[in-house]
Amino acid sequence: QVQLVESGGGLVQAGGSLRLSCAASGRISSVNTMGWYRQAPGKQRELVALVTSGGATRYADSMKGRFTISRDNGANTVYLQMNSLRPEDTAVYYCNADVRSLTGWTRNYWGQGTQVTVSS
């Protein structure tokens, strides 16, 4: 069994910063692409950023220059540094990862989500 556990959400004023973390644990052989998505009330879940095992990154346009995704392959952990936060960044942020288990199968997993609230 594989789990993704997020941490680091909370309440912050506009212009502030938060750092999210997500650790994959369980019967893991390797972790491929890891990423962050978010879902605001009444809206669809959307991509925030992705990072491959090789370190290549991809960002949604509205996050470029403000958010930075990184990972620690040895710890199977992905981070999201969020700066210059805006009220419209308020959402539940979900970790996502493609994980190859010890059985040899690769599956996509989601974390439970962490709330980020940005006050104006």
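Predicted model: local features only at pLDDT ≥ 70, side-chain atom pairs only at ≥ 80, totals over all residues.
Start with the core. The largest nonpolar core has 32 residues. Within this core, Trp36, Leu80, Met82 and Tyr93 touch the most other members. Which strand gives the most? Strand 9 does, with five residues.

Now pick out tyrosine 93. Set aside its neighbours within four places in sequence.

Next comes the disulfide. A disulfide is a covalent bond between the sulfur atoms of two cysteines. How many does the structure hold? It holds one. Cysteine 22 is joined to cysteine 95, with 2.1 Å from S to S. The link is left-handed, with -80° about the S-S bond. It ties together distant parts of the chain: cysteine 22 lies in strand 3 and cysteine 95 in strand 9, 73 residues apart. Are these cysteines buried or exposed? Cysteine 22 counts as buried because its relative accessibility is 0%. Cysteine 95 is buried too, with a relative accessible area of 0%.

Turn to the charged side chains. The structure holds four salt bridges. Arg38, Glu46, Arg66 and Asp89 are linked in a network of such bridges.

Arginine 38 pairs with glutamate 46, and their closest N and O atoms are 2.7 Å apart. Glutamate 46 counts as partly exposed because its relative accessibility is 35%. Arginine 38, by contrast, is buried, at 7% relative accessible area.

Arginine 38 also meets aspartate 89 in a salt bridge, at 2.9 Å from N to O. This pair spans distant parts of the chain: arginine 38 sits in strand 4, aspartate 89 in the loop between strand 8 and strand 9, and 51 residues separate them.

Aspartate 89 has another partner, arginine 66, with the closest N and O atoms 2.7 Å apart. Arginine 66 belongs to the loop between strand 6 (57-59) and strand 7, 23 residues from aspartate 89. Arginine 66 has 8% relative accessibility, and aspartate 89 has 1%.

Note on methods:
Residues numbered from 1 in each chain as written. Heavy atoms only, no water. Core = buried A, V, L, I, M, F, W, Y, C linked by side-chain atoms within 4.5 Å. Buried < 20%, exposed > 50% of the residue type's maximum accessible area, 1.4 Å probe, protein only. Helix = DSSP H or I, 4+ residues; strand = E, 2+ residues; numbered from the N terminus. Contact = heavy atoms within 4.5 Å. Disulfide = S-S within 2.5 Å.
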